[in-house]
Amino acid sequence: MKEAITAYKKAQELDPKVEIDAYFWDSLCWYGSLHRHAADVMFACEKAVQLAPDNGGIRDSRGLARAMTGKTQGAIEDFEAFIAQTDDKERKFQRQRWVKDLRAGKNPFTDAQLKKLLGND
């Protein structure tokens, strides 16, 4: 994970005009968060949302990173944006449970949940 973060940063240092697609930033955000490096990849999450602010899937990834770094209200907002856009009933229900847990002060991102999410992608 650290090599991926370094590679993204190095690419931007070598060529500040290099265009990295929102989906690449999103992947770094999502997988970095799943591997418990949310704080390290938050810059990628923010960059992805900056490039595609209306994309619910990208907001979903940032929501995960925010939740894992204690930014509960922001996480809830991002998950709600995903919920409003998705047609995937299973993922919608899952995110609704996450929002409910976060509002109740519970952390829905146990080791088992993170492992399950890694297996689904």
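Modeller: Counting up the secondary structure, the protein chain has seven helices and zero strands, and along the sequence that reads α-α-α-α-α-α-α. Helices here are DSSP runs of H or I with at least four residues, strands are E runs of at least two, and numbering starts at the N terminus. The radius of gyration is 14 Å, close to the 14 Å that the globule rule gives for 121 residues, so the chain is as compact as a globular protein of that length. That radius is taken over C-alpha atoms, and the rule is 2.2 Å times the number of residues to the power 0.38. The C-alpha atoms fill a box of roughly 45 × 30 × 25 Å along the principal axes.

Before we zoom in, keep in mind that this is a predicted model, where local features need pLDDT of at least 70 and side-chain atom pairs count only at pLDDT 80 or more, while totals for chains, interfaces and linings use all residues. Residues are numbered from 1 along each chain as its sequence is written, and side-chain values use heavy atoms, with hydrogens and water left out.

Now for the close look: helix α2. Two packed helices are described by the angle between their axes and the distance between the axes. The axes are lines fitted to C-alpha atoms, for helices over the stretch in contact, and angles run from 0 to 180 degrees between N-to-C directions.

Start with α2 (residues 22–34) and α3 (residues 38–51): their axes come within 8 Å and cross at roughly 150 degrees. That makes α2 roughly antiparallel to α3; the cut-offs are under 35 degrees for roughly parallel, over 145 for roughly antiparallel, 65 to 115 for roughly perpendicular, and oblique for the rest. The crossing of α2 and α3 is left-handed, meaning the near helix is turned anticlockwise from the far one by less than a right angle (clockwise would be right-handed). Among the residues making this contact are Trp-25, Leu-28 and Cys-29 of α2 and Val-41, Phe-43 and Leu-51 of α3, where contact means heavy atoms within 4.5 Å. By class, the residues of that contact are eleven nonpolar, two polar and two charged. For those classes, Ala, Val, Leu, Ile, Met, Phe, Trp, Tyr, Cys and Pro count as nonpolar, Asp, Glu, Lys and Arg as charged, and the others, Gly among them, as polar.

Between α2 and α3 there's a loop, and Arg-36 is found in it. Most residues other than glycine have a negative phi. Arg-36, though not a glycine, has a positive phi of about 65 degrees. At 46% relative accessibility, Arg-36 counts as partly exposed (buried is under 20% relative accessible area, exposed over 50%, partly exposed in between, with a 1.4 Å probe and protein chains only).

Next, follow α2 to α4 (residues 56–68): these two pack at an angle of about 30 degrees, with their axes 9 Å apart. Here, too, the crossing is left-handed. On the α2 side, Tyr-23, Trp-30 and Leu-34 are among the residues involved, and they meet a set in α4 including Ile-58, Leu-64 and Met-68. The contact of α2 with α4 has nine nonpolar, three polar and three charged residues.

Leu-64 also leads us onward, to Phe-79, which touches Asp-60, Gly-63, Leu-64 and Ala-67, among others. Phe-79 is found in α5 (residues 72–85), and it is buried, with a relative accessible area of 0%.

Methods
Lists of a residue's contacts leave out its neighbours within four places in sequence.
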